[in-house]
Amino acid sequence: MTRSPSGIPSQSHLDHLTTVILPPHAEVHRRHPTKVTFCVRGVVSPVLANLFLHYAFDLWMARTNPELPWCRYADDGLVHCRSEQEAQAIMADLRLRLAECQLEMHPTKTKIVYCKDGRRKGRYPNRTFDFLGYSFRPRLVKNSRRGTLFWSFTPAISRAALTDMRQTIRKTNFRNRTQITLGDVARELNPLLRGWMGYYGRYSPSALYPVFRQVNRTLVAWAMRKYKRLSGHRTRASLLLESIAEKSPRLFVHWRKGTVGAFA
């Protein structure tokens with residue numbers, strides 16, 4: 001049985017959780033000493049954060065600010081306010097609430113952000129934030145009915161998430177694995193690409209194109225290493241893969257979206 005402790009160290013942050021493990025259906029006494037476990041960025045950390053912050057944050061917000069929309073995932077959360085003054089008041093109240101639970105806000109990640117768009121024209125230093133792999137900021141978007149452009153505060157995949165995806169592709173090292181076939185490469189990459197497209201492609205899917213281009217260019221590098229006739233001939237390798245993409249557009253999941261011309 002896992003319980004949130006009453007004596008969490010005062011300097012603990014939301015991503016540094018402390019739990020007390022107690023024997024089931026037993027009180028703490030000399031025969032059952034408490035065991036304090038520190039779980040920092042572990043696999044179970046999101047579960048522990050949800051258990052503890054459901055009481056420390058979720059129920060408190062529902063009770064004290066029922067009119068404000070908010071969301072939270074593990075130890076990351078957002079509160080939507082109607083004015084800067086309201087945001088400052090909520091931040092002050094939340095700081096006190098977390099202190100009661102012997103927690104504190106992250107010193108650098110916690111901030112007030114102005115959601116600037118075509119109607120909100122104020123000037124504030126913070127106009128962007130990242131949440132769950134998405135970057136929220138003012139962007140030019142197109143009105144599908146009128147065909148006009150306007151400013152909107154919208155999400156798209158964040159730079160940090162793009163960097164992680166590029167690193168994941170590099171770790172596959174398929175550009176140097178010349179013993180495998182193009183079909184093998186597709187079977188290995190498609191689950192990754194399909195998952196990324198399903199999650200990050202929900203909003204601003206065009207922001208994923210840099211990753212798709214990297215995959216295509218890495219395929220070119222793979223072909224140049226695998227086939228002697230293509231060694232040192234990037235253009236020939238690009239043309240070969242373009243022809244394969246035209247004949248088999250469903251081989252890679254991102255080819256099905258039309259990103260087949262970025263091999264050069």
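1. In this predicted model, Y134 stands opposite I157 of strand β8, and this pair belongs to the antiparallel pairing of β7 with β8 (residues 149–157), which extends over nine bridges. The two strands are joined as a hairpin with six residues between them, and within that hairpin G147 takes a positive phi near 75°.

2. Strand β7 (residues 134–142) also pairs with strand β6 (residues 129–131), again in the antiparallel sense, here over three bridges.

3. Turning to the helices, α3 (residues 159–172) packs with α5 (residues 209–226) at an angle of about 15°, and the axes of the two helices lie 10 Å apart. Angles under 35 degrees count as roughly parallel, and α3 and α5 are therefore described as roughly parallel to each other. The crossing in which α3 passes α5 is right-handed.

4. Which residues of α3 and α5 meet? On the α3 side they are L162, M165, R166, I169 and R170, and on the α5 side P210, V211, Q214 and V215. Sorted by class, this contact of α3 with α5 comprises six nonpolar residues, one polar residue and two charged residues.

Terms used. Residues numbered from 1 in each chain as written. Predicted model: local features only at pLDDT ≥ 70, side-chain atom pairs only at ≥ 80, totals over all residues. Heavy atoms only, no water. Axes fitted to C-alpha atoms, helices over the stretch in contact; angles between N-to-C directions. Helix = DSSP H or I, 4+ residues; strand = E, 2+ residues; numbered from the N terminus. Parallel < 35°, antiparallel > 145°, perpendicular 65-115°, else oblique. Left-handed = near helix turned anticlockwise from the far one by under 90°. Contact = heavy atoms within 4.5 Å. Nonpolar A, V, L, I, M, F, W, Y, C, P; charged D, E, K, R; others polar. Pairing = 2+ DSSP bridges.
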